[in-house]
Amino acid sequence: MASSPITAAGPQHGNKSSSSKDAKDGGATSERIFAGEDEEEEVDVVNVDVDEDEDVAMTSETRRALERRLRLKVDLRLCTIAGILTSLNLLDSGVISSASVTSMPSDLDLTGNRFSVSIFIFTISSIAFQLPSTLAVRTFGPRLWFSFITFCFGLITMCTAFIQTWQQMIALRVLLGMAMSGIYPGLTYLISTWYPRKEQQTRFAFLQSGEVTILATGGIVNYGLNQLDGKGGIAGWRYMFLVQGIIAMVIGLATYFWIVDFPEEAHRSFYFLTPEEQELAVARINADRKDVEPDPFTWGKVFVHASDPKVYGFACMFFLLNLVSTALSYFLPIILQSGMGFDENQSILLSAPPYYYSVIPVLLSSIIGDKYRLRGPVITFNCASLIAGFCMLGFSEKVAVRYVGTFLATGAYVSNWAALSAYQANNIAGQWKRAFTAAAVTAMNGAGGIAGSFIVRSQEAPHYITAVWVSIGSHILIIALVAAFSAYFFFANRRAAAGKTLLEGVEGFRYTH
């Protein structure tokens, strides 16, 4: 990062912040804070309510304590609810995959490839609305937008409990995709605006950990709800959609009060940061990449970033990753039932442990990645782990070995969600570019979901050889793309250090690889 001091005069949004107002009434003192990515940097920040003549010299320990307190507050308020909200996508896959081994296919006449079509149409709808829904996070604010689309998601999920035909299911899946479209890219975008690049992968890991923990718990809940099959004349799978839809609606209402706004608008959040903490949050991001404040919105400022080939490379990697995640998250109970011989309830219950396990590798790999500023090597290691897992799943005859393979594969792809999210977020700058890239990679991620919904073929049970080879091949391609990107980033950084180029239009910006 640049070694020159950066001035952050308050949260940089006029009189909207109480800290900006106080700065006009009282004196200002220059404080030194720890804000850089690669080293301790000097940042001048306004400090309010002190006499002009008073000179405050903060120790290094005090600076770090302020940073730790700020990070903890943001982690507790943002990463917690972000993990819960992003779990809704996997929660949907958990509900419908659990329901797929119950009476739902026969009740709704989901014969042939109709079940795959229901997944496919959900993804198409989600892709179509991802960019406008991501931009809406800026337009309407995170609290209003996320609470609205989450409540809608829960309402549509609950309504699924009352459908009678497969056509009605398809219609609701279209609406569900629309509601879900902005959650993951919008939250990825929001998290990236709050943290310096060196802290991002661990935060994406927190998000993924919450997501998969809730998914796994949802699987156990689905097992319990399926035991109510026939109670009150209602099928067990209908209880799954009914209960989890109501839960999502309640979460949507709570989101309005729980989630936080963007750093420069943090004062709008309920009981969150002090004015001084908000100034520190803004200063940290400006020291890292100078992109706290977005330019006035125009479509031209969004779509100009379509000319950057990095966006397509990141999008391709997410496409390849989601080939596997869709195949596993939607079809794991089917694989356990048809491929390994477990019964209906065992298949639902045994689909949960691999997701609980995945919390361990995603946190460990992300902490190492942030500590040593490594992105490419972490992604490559995760890819190798997934390939090993699919080899066990596809080529072994022993059920125990194959089941262990699902642990390795699940842990690896969940870990790479966090690693790839940090990889793309670390190597772009600018608010609208972040929004555009988040929407683009999530759209291609959805396209990977479309392909992934068709690679698990029932006629290939018990080994599902097409899914195995496609998953292995996709991750070999990810390794190749990461190698190419990391080489490019390495030489681009050398050119920037020599003063031959300006990366991302930001002085002092360096790629992370």
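Here are some exercises on this predicted model, each followed by a worked solution.

Residues are numbered from 1 along each chain as its sequence is written, and side-chain values use heavy atoms, with hydrogens and water left out. Because the model is predicted, local features need pLDDT of at least 70 and side-chain atom pairs count only at pLDDT 80 or more, while totals for chains, interfaces and linings use all residues.

**Exercise 1. Find the partners of E277 in salt bridges with R69 and K73, and say where the residues lie.**

Step 1. Start with the term: a salt bridge is a side-chain nitrogen of Lys or Arg within 4 Å of a carboxyl oxygen of Asp or Glu. The structure holds 17 of them.

Step 2. Take R69. Its closest N and O atoms with E277 are 3.1 Å apart. E277 sits in helix α10 (residues 275-288) and R69 in helix α2 (residues 60-99), so this pair ties together parts that are 208 residues apart in sequence. Helices here are DSSP runs (H or I, at least four residues; strands are E, at least two), numbered from the N terminus.

Step 3. Now take K73. The salt bridge between K73 and E277 has its closest N and O atoms 2.8 Å apart. This pair also links distant parts of the chain, with K73 in helix α2 and E277 in helix α10, 204 residues apart.

Step 4. Check the exposure. Buried means under 20% relative accessible area, exposed over 50%, and partly exposed in between (1.4 Å probe, protein chains only). E277 has 4% relative accessibility, so E277 is buried. R69 is partly exposed at 44%, and K73 is partly exposed at 27%.

**Exercise 2. Which residues are linked with E67 in a network of salt bridges?**

Step 1. Look around E67 for charged partners: the network links E67, R71, E199 and R284.

**Exercise 3. Describe D109 by its loop, its phi and its salt bridge.**

Step 2. Look at the backbone. Most residues other than glycine have a negative phi, and most peptide bonds are trans. D109 is not a glycine, yet its phi is positive, about 60 degrees.

Step 3. Turn to the side chain. D109 pairs with R114 in a salt bridge whose closest N and O atoms are 3.0 Å apart.

**Exercise 4. Where does R373 lie, and what is its phi?**

Step 1. R373 is found in the loop between α14 (353-371) and α15 (376-395).

Step 2. The phi of R373 is positive, about 55 degrees, although R373 is not a glycine.

Step 3. With 30% relative accessibility, R373 counts as partly exposed.

**Exercise 5. Work out how α4 and α6 pack, and which hand their crossing has.**

Step 1. Find the helices: α4 covers residues 114-140, and α6 covers residues 166-180.

Step 2. Read the geometry. The two helices pack at an angle of about 30 degrees, with axes 7 Å apart. Axes are lines fitted to C-alpha atoms, for helices over the stretch in contact, and angles run from 0 to 180 degrees between N-to-C directions.

Step 3. Classify the angle. α4 and α6 are therefore roughly parallel to each other (angles under 35 degrees count as roughly parallel, over 145 as roughly antiparallel, 65 to 115 as roughly perpendicular and the rest as oblique).

Step 4. The crossing of α4 and α6 is right-handed, a term used if the near helix is turned clockwise from the far one by less than a right angle, and left-handed if anticlockwise.

**Exercise 6. Which residues make the nonpolar surface patch with F140?**

Step 1. Patches are made of residues with over 30% relative accessible area and no salt bridge; like charges are joined within 9 Å and nonpolar side chains (Val, Leu, Ile, Met, Phe, Trp, Tyr) within 5 Å.

Step 2. F140, L144, Y256, F257, F270 and Y271 make the patch, of about 700 Å². Accessible areas come from the Shrake-Rupley method with a 1.4 Å probe; for residues, only the protein chains shown count as cover.

Step 3. F140 belongs to helix α4 and is partly exposed, at 48%.
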